[in-house]
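User: I'm new to this one and would like to get my bearings. Can you walk me through it?

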Amino acid sequence: RIIASLGVSLTSLDRLLRGGDEINFLEISRNISETPIVSGRWLDALTADLYNFVFATQFGLFDSPELAMRVTQIGIAVAGLVLIAAAVYELAGPRAAMISMWFLALEPTNMFFSSILHKEPLMMLAGGLVSYGGALAWNRGSMRSIILITFGCLVAVATRPYAGWFLIAAGAA
């Protein structure tokens, strides 16, 4: 995924392919990072624009270059994919989990969108948390599943509220 991201960055079409939202999100995040951490802008980003909070944290703590931010997004997305594979493992066993993970790992659009400085990686993480929590609840009735589902729903609501509410309905079901 990192190599694919670098490959896109080396083309003259990288900004066109990734869209203008990246530039806007990075500008907003840099502005947030320049305000005091206790300001309302940080809290608003944490609760309503989580992706901007993540980017602002990277700017504020490390003055991260774009590549480092992409690697972070890739890590977040891959964590979500691993959680989905773990959910498949819980429900269908190791062979199905291995097949699903290879499919998710190599699917081209997933590879592209996991490195974009946008909302998608956090939504992949949210979906993975809710999926794995749901699988644990179904198979084991574990209380840990409620924590995973809740955290996934919070990530989703703070990233894309409409999708978060759908995940909350799914988690409740």
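User: How many Å does helix α10 reach from its first C-alpha to its last?

Analyst: This is a predicted model, and in it α10 covers residues 144-159, which is 16 residues. At 1.5 Å a residue, 22 Å would be expected. The helix comes close to that, with a reach of 23 Å.

User: Which elements cover the buried residues of α10?

Analyst: Let's start with what needs covering: the buried residues of α10 are S145, L148, I149, G152, C153, V155, A156, A158 and T159. Buried here means under 20% relative accessible area. What covers these residues includes α4 (40-48), α5, α9 (120-140) and α11 (161-172).

User: How many nonpolar residues are in the contact of α5 with α6?

Analyst: On the α5 side you'll find V54, F55, Q58 and F59, and they meet A68, M69, T72, Q73 and I76 in α6. Sorted by class, that contact has no charged residues and three polar ones. The nonpolar residues number six.

User: What is the handedness of the crossing of α3 and α4?

Analyst: The axes of α3 and α4 come within 9 Å and cross at roughly 135 degrees. That makes α3 oblique to α4. As for the handedness, α3 passes α4 in a crossing that is left-handed.

User: Which residues of α4 make that contact with α3?

Analyst: From α3, the contact uses I28, N31, I32 and S33. By class, the contact of α3 with α4 has four nonpolar, two polar and one charged residues. The α4 residues are R41, W42 and A45.

User: Is G19 buried or partly exposed?

Analyst: G19 is found in the loop between α2 (14-18) and α3 (21-33). Its relative accessible area is 22%, and buried would need under 20% while exposed would need over 50%. So G19 counts as partly exposed.

User: How many Å apart in space are G19 and L117?

Analyst: Along the sequence, G19 and L117 are 98 residues apart. In space, taken C-alpha to C-alpha, the distance between G19 and L117 is 9.9 Å.

Notes: Residues are numbered from 1 along each chain as its sequence is written. This is a predicted model: local features need pLDDT of at least 70, side-chain atom pairs count only at pLDDT 80 or more; totals for chains, interfaces and linings use all residues. Side-chain values use heavy atoms; hydrogens and water are left out. Contact means heavy atoms within 4.5 Å. Helices (H or I, at least four residues) and strands (E, at least two) are DSSP runs, numbered from the N terminus. Ala, Val, Leu, Ile, Met, Phe, Trp, Tyr, Cys and Pro count as nonpolar, Asp, Glu, Lys and Arg as charged, and the others, Gly among them, as polar. Buried means under 20% relative accessible area, exposed over 50%, partly exposed in between (1.4 Å probe, protein chains only). The expected span of a helix is 1.5 Å times one less than its number of residues. Axes are lines fitted to C-alpha atoms, for helices over the stretch in contact, and angles run from 0 to 180 degrees between N-to-C directions. Angles under 35 degrees count as roughly parallel, over 145 as roughly antiparallel, 65 to 115 as roughly perpendicular and the rest as oblique. A crossing is left-handed if the near helix is turned anticlockwise from the far one by less than a right angle, and right-handed if clockwise.
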